[in-house]
Amino acid sequence: MTPRTHREVRLAARPQGPVTDDLFEIVEVPVPEPGPGQVLVRNTVMGVAAVMRTLMDETSVVPMPSYEIGEPLHGAAVGEVVAAPGTDLQPGDLVEHRLGWREYAVVDADQAHRLDPGLLPDPAACLSQGPTAWMGVVRGAEVRPGDTVFITGAAGGVGSLAGQIARLRGAARIIGSTGSREKADRLIKEFGYDAVVIRGGGPMEEQLRAAAPEGIDAVFDNVGGEQLQAALALANRGARIAIVGALAGQLSGDTTATKVEIDTLALLSHSITLRGVALYEHLDLIPEWNQRFGEGLREGTLTFPHVRLQGIEQAPRALRELTEGRHLGAVLVEL
């Protein structure tokens with residue numbers, strides 16, 4: 001039986017700095033009814049991501065709609081179809097869509113993507129940031145056999161998969177960056193990193209030079225700022241540098257934190273490629289990733305680092321703790 005009411009998380013105020021719990025409001029509202037061409041979905045799990053901090057601002061350069069005060073937030077979720085009158089979906093179908101942050105959602109049928117229950121061992125893995133990691137490694141940094149690769153933000157939902165993908169692509173040495181010794185040790189022991197530099201653990205360029213004495217061939221940059229500057233200083237001839245994220249600014253709300261000085265003569269003389277890559281321009285990679293991810297999870301060649309919090313009331317905490325760097329891997333909320 002479908003309940004008469006459900007809970008959703010709304011934006012109560014815009015942040016002036018870090019994410020805090022008082023920026024959110026959890027309200028109980030009637031369960032919506034689907035109209036023509038719509039489906040009612042009972043959400044079972046949702047994901048949080050760094051971009052959500054950016055969307056809490058009134059305006060941003062991200063090509064996604066900002067959250068509105070007094071309205072529910074939105075983001076990737078997986079759920080079960082409850083009602084789908086006049087559509088190709090059926091009650092019980094598992095779907096992925098973009099209306100998380102609520103226990104029930106009415107979704108346009110063409111925006112609810114039916115999931116093959118056998119594609120991934122755990123449907124929640126559909127919420128991994130693997131497509132971004134795959135895009136950045138394969139098309140952005142073009143990682144090749146024998147490369148020395150530097151991945152910034154290596155302990156996040158993207159970076160913890162990017163290192164694994166780089167290894168599958170034949171990288172000879174993989175270096176990551178993170179914010180604590182504990183995470184650094186886990187990246188080396190559990191996720192195949194050869195070395196990890198630590199934010200705040202000394203000058204970044206000095207740390208990176210010690211970890212990569214022969215320079216860097218490919219960079220997967222998810223942070224910007226000092227870390228990208230250090231990577232540029234150590235880039236070998238023909239290095240490929242992919243700008244995949246800007247966590248230094250996204251998590252703090254300070255966009256100046258991502259800025260770097262670039263020596264264009266050095267880029268030219270060393271034939272270095274510097275490119276920004278965004279998933280919305282590479283959506284064709286998602287089916288390929290899902291197939292590779294499913295195979296890797298079953299064979300043990302890939303893992304899905306993540307944590308799960310229980311209950312929609314934990315969603316604000318999930319985003320706050322993600323922006324504070326509390327967890328390694330993706331952060332999910334079971335609803």
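Which residue in strand 5 stands opposite Ala77?

Tutor: The residue opposite Ala77 is His97 in strand 5. This is a predicted model, in which local features need pLDDT of at least 70 and side-chain atom pairs count only at pLDDT 80 or more, while totals for chains, interfaces and linings use all residues. Residues are numbered from 1 along each chain as its sequence is written, and side-chain values use heavy atoms, with hydrogens and water left out.

Strand 4 and strand 5 (residues 94–97) run antiparallel and are joined by four bridges. Two strands count as paired if DSSP finds at least two bridges between them; strands (E, at least two residues) and helices (H or I, at least four) are DSSP runs numbered from the N terminus. Strand 4 (residues 77–83) is also joined to strand 3 (residues 38–48), by six bridges and again antiparallel. There, Arg42 stands opposite Glu80 of strand 4.

Parallel pairing is found in an open sheet of six strands, ordered 10-9-8-11-12-13. Its edges are strand 10 (195–198) and strand 13 (273–276), each of which pairs on one side only. Neighbouring strands are turned by 15° against each other on average, direction ignored; axes are lines fitted to C-alpha atoms, for helices over the stretch in contact, and angles run from 0 to 180 degrees between N-to-C directions. Helix 2 (residues 130–140) packs on this sheet, touching strand 11 (216–221), strand 12 and strand 13, and its direction makes about 150° with that of strand 11. Contact here means heavy atoms within 4.5 Å. Strand 12 (residues 235–243) pairs with strand 13 over four bridges, in the parallel sense, and Arg240 has Thr273 of strand 13 as its bridge partner.
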